[in-house]
Amino acid sequence: MSIVDQTREGDVLVLTINNPPVNAFSPGVPEGLHAGLDAAEGDGGIKAVVIIGGGRTFIAGADIKTFDLPREQAPDLRGFIQRLDSFSKPTVAAIHGTALGGGLEVALACNYRVATRDAQMGLPEVKLGVLPGAGGTQRLPRVVGVEKALEMMLSGNPIKATEAKQLGLVDEIVEGDLREGAIAFARAHADARPLPRVSERTVGADPAVFAAAREGIKKTHRGQLSPSLIIDLAEMAATRPFAEGWDAEARLFMQAKDSPQSRGLRHIFFAEREAGKIPGITKDTPTTEIKSAGIIGAGTMGGGIAMNFLSVGIPVTIVETSQEALDRGLSVIRRNYENSAKKGRLSMEDVEKRMGLLTPTLNMEDLADADIIIEAVFENMDVKKDIFTRLDAIAKPGAILATNTSTLDVNEIASVTSRPEQVIGLHFFSPANVMKLLEIVRADKTSDSVLATSMALAKRIGKVGVVVGVCDGFVGNRMIHRYGDEARKLVEEGAKPEDVDAAMNALGLPMGPFQMSDMAGLDVGYLIRQHQAKVRGLPKPDGWLDRIVEMGRKGQKTGAGVYDYDENRRPKPNADIQRLIEDYRTQKGIQSRQIGQDEITGRLVYSLVNEGAQILDEGIAQRAGDIDVIYIYGYGFPAYHGGPMQYADEVGLKNVVADLEKYGQTPAPLLKRLAEEGETFAQYDRERAGA
Ligand code: 3H9
């Protein structure tokens with residue numbers, strides 16, 4: 001089997017691409033396809049050509065791994081598409097699986113497209129910070145209309161073959177064998193002349209469509225480059241000759257591809273997939289099928305966790321200590337589902353189906369049959385130990401015993417059971433039914449099978465699972481504590497809280513540190529600081545933020561925290577708070593100074609990076625990429641910056657170290673070493689993976 005097989009089926013030449021797993025347009029593919037067209041051209045007996053994917057899919061796009069290669073070494077997708085578009089014999093794309101990006105662009109340059117009913121097609125380039133760069137911006141609008149093409153290219157989401165058929169993007173749905181159907185279709189159109197070519201079509205559009213799209217991306221893609229380039233190119237498709245749009249597309253594709261935003265998004269694409277790989281865990285590691293779940297605690301966390309299971313059809317038994325708490329928990333779950341139904345995301349029938357899978361109980365013994373039990377009660381070691389002692393007696397052999405703790409030592413929790421190998425941390429993020437991150441905490445004795453089952457479970461319930469080790473706060477919260485410390489210090493030194501938040505908003509985070517802590521509740525951090533000081537025998541903390549909490553301002557839940565809140569929960573700075581901060585500085589003898597946005601951004605992000613480097617060095621995180629995935633899916637760090645570690649790579653680790661030192665922070669040894677060696681976190685990850 002070669003990378004592109006040529007098979008003659010009478011008067012039709014079938015070119016089958018064999019480049020597993022997703023038939024990306026890698027080196028060798030264009031050469032193979034050109035050879036196929038040469039063969040078809042040179043053989044008078046061949047009347048038509050079918051292009052089809054071997055394995056599970058048609059072409060899933062350009063090979064993203066080749067994006068950093070010098071242009072002459074990268075596979076020439078555009079060159080092949082240009083030839084395909086002017087080919088003298090009919091060409092048919094036979095699509096199954098997903099025709100994405102360059103894959104759909106190949107199909108659009110064929111004269112005809114046929115597809116299986118379950119195939120999907122789309123132009124997801126925007127998700128990688130680029131744009132369809134092989135004719136997609138010019139051809140798709142000419143086929144499906146400008147408005148639909150913009151919707152597809154700006155969302156990056158694929159459409160189903162049935163919709164594609166209605167839109168004219170697919171000529172025929174093949175019900176039986178795709179290959180045979182495509183050959184029959186090709187034969188039936190072998191003599192059609194002139195050959196239909198999308199590049200020869202024209203399309204018009206109301207200028208208002210582009211204005212609306214430009215307005216729309218301010219909300220959906222704030223601060224991003226490629227969406228606006230996509231709109232410019234769609235406008236060219238509607239107003240300029242094909243050749244002009246095609247040339248402009250090549251130029252703008254390179255501009256987008258070479259941007260830090262695209263590097264950030266590509267980094268995350270691969271980091272997310274790498275995060276699923278754990279040394280020592282293979283396809284052969286045994287896993288258990290999770291057919292039922294038990295959850296202890298029907299509060300905000302427990303309820304949210306339950307919804308993840310119910311939504312994918314896994315029955316849940318939920319335990320509380322009082323009927324009242326149980327009823328309250330159930331009604332919140334129901335209300336959440338009903339709200340989704342009101343928004344049209346779910347039918348009422350689905351709501352009932354999901355609620356029907358939920359069994360409320362006051363009796364922990366009812367968890368005896370559950371395949372996994374997740375404890376989601378408040379953060380108190382004694383309570384958790386008591387629960388795990390009881391669970392050990394109740395749960396069936398082989399059941400996974402998980403804790404949703406965000407700070408406590410999972411080893412200590414596991415130690416009270418007779419089966420610590422079955423114990424794991426599953427740290428969901430609030431709201432647990434929405435946030436995509438799941439920190440999977442591997443304790444000292446957690447078995448490989450429990451770990452592998454938990455990773456598979458994460459995928460099944462639509463989460464991105466990242467394996468972390470045991471330490472205070474694991475990866476995400478341990479880093480966010482350092483970030484919070486730095487944010488408070490910036491205000492101490494002279495910045496206003498709103499300036500600190502504004503800097504993070506400008507970076508693309510939906511919330512800055514104070515907006516976030518007001519939402520989470522200021523008393524949470526306050527209690528942690530008080531507790532830590534007590535444990536270390538230090539005096540009672542008396543920061544400016546502690547003083548705000550002591551005024552009774554605990555954040556949004558009390559209507560006021562660092563900010564005041566109106567009925568729409570919009571934060572507004574408060575003059576009294578500003579005075580409190582100024583008085584605080586005077587009392588402590590701090591000379592206030594102007595702090596610019598760059599300094600704020602740098603100090604906050606580098607505090608994350610510095611702690612991240614330490615976490616990496618301690619082996620709590622497996623890879624810098626894992627940390628980035630955690631920050632994007634758990635903390636709203638913009639994906640187009642690639643996460644804090646990738647951000648630091650872009651800035652240059654030498655510069656990060658210099659800035660940390662300038663602002664009085666001690667760089668972590670690993671960070672310092674990488675900076676001195678001129679390395680990046682990405683290189684560090686690659687070297688450790690042995691690549
Ligand atoms: C483009 O086309 C630009 C052009 O317009 C212009 C050029 C001039 N390249 O996701 P999975 C790997 S931009 C290289 O786990 P699934 C992936 O890393 C491209 N590798 O499977 C993983 O590797 P590993 C536009 C790729 O079944 C393995 O394949 N296209 C590519 O859950 C399996 O992937 C896209 O953006 C690629 N294009 O989902 C499509 N795609 O096993 C991006 C995948 O070593 N891809 N890999 O970890 C996807 O959306 C999903 O992978 C897909 C399959 C839906 C196809």
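Which charged end sits over the ring of Phe269? I found that the charged end of Arg273 does, 3.7 Å from the ring centre. I also looked up Trp246, and Arg78 lies over its face at 3.7 Å from the ring centre.

**Basis of the entries**

I am working with a predicted model, in which local features need pLDDT of at least 70, side-chain atom pairs count only at pLDDT 80 or more, and totals for chains, interfaces and linings use all residues. Residues are numbered from 1 along each chain as its sequence is written, and side-chain values use heavy atoms, with hydrogens and water left out.

**Entry: surroundings of the ligand**

The side chain of Glu125 has an N or O atom 2.6 Å from an oxygen atom of the ligand. For Ala62, a backbone N or O atom lies 2.9 Å from a ligand oxygen. A polar backbone atom of Gly133 is 3.1 Å from an oxygen atom of the ligand.

How much of the accessible area that the ligand has on its own does the protein cover? I noted 75% of 1,000 Å², with areas taken from the Shrake-Rupley method with a 1.4 Å probe and, for residues, only the protein chains shown counting as cover. Helices (H or I, at least four residues) and strands (E, at least two) are DSSP runs, numbered from the N terminus.

**Entry: aromatic pairs**

I searched the whole structure and recorded 8 aromatic pairs. Rings of Phe, Tyr and Trp (its six-membered ring) pair if their centres lie within 6.5 Å; planes under 30 degrees apart count as stacked, over 60 as edge-to-face and the rest as tilted. Phe25 and Phe80 form a tilted pair, 6.2 Å centre to centre with 40° between the planes. Phe25 lies in the loop between strand E2 (12-17) and helix H1 (29-42) and Phe80 in helix H2 (residues 77-85), so this pair ties together parts that are 55 residues apart in sequence.

Buried means under 20% relative accessible area, exposed over 50%, and partly exposed in between (1.4 Å probe, protein chains only).

I next looked up Phe514 and Trp544, which form an edge-to-face pair, 5.4 Å centre to centre with 65° between the planes. This pair links distant parts of the chain: Phe514 is in helix H20 (residues 513-520) and Trp544 in helix H22 (residues 544-550), 30 residues apart. Phe514 is buried at 2% relative accessibility, and Trp544 is buried at 1%. I also noted that Phe429, Tyr631 and Tyr635 form one aromatic cluster.

**Entry: the loop between E2 and H1**

I returned to the loop that holds Phe25. Pro21 is placed in this loop between E2 and H1, and a cis peptide bond joins Pro20 and Pro21, with omega about 5°. Asn23 lies in the loop between E2 and H1 and has a phi near 55°, a positive value in a residue other than glycine. Asn23 is buried, with a relative accessible area of 2%.

**Entry: Glu375**

I located Glu375 in strand E13 (residues 372-375), where Glu375 is buried at 0% relative accessible area. Which side chain does Glu375 join by a polar contact of 2.8 Å? I found that of Lys384. The side chain of Glu375 also reaches the backbone nitrogen of Val377 at 3.0 Å.

Key
A charge sits over a ring if NZ of Lys or CZ of Arg is within 6 Å of the ring centre and within 35 degrees of the ring normal. A polar contact is a pair of N or O atoms within 3.5 Å; within protein, one must be able to donate a hydrogen and the other to accept it, and residues adjacent in sequence count only if both atoms are side-chain atoms.
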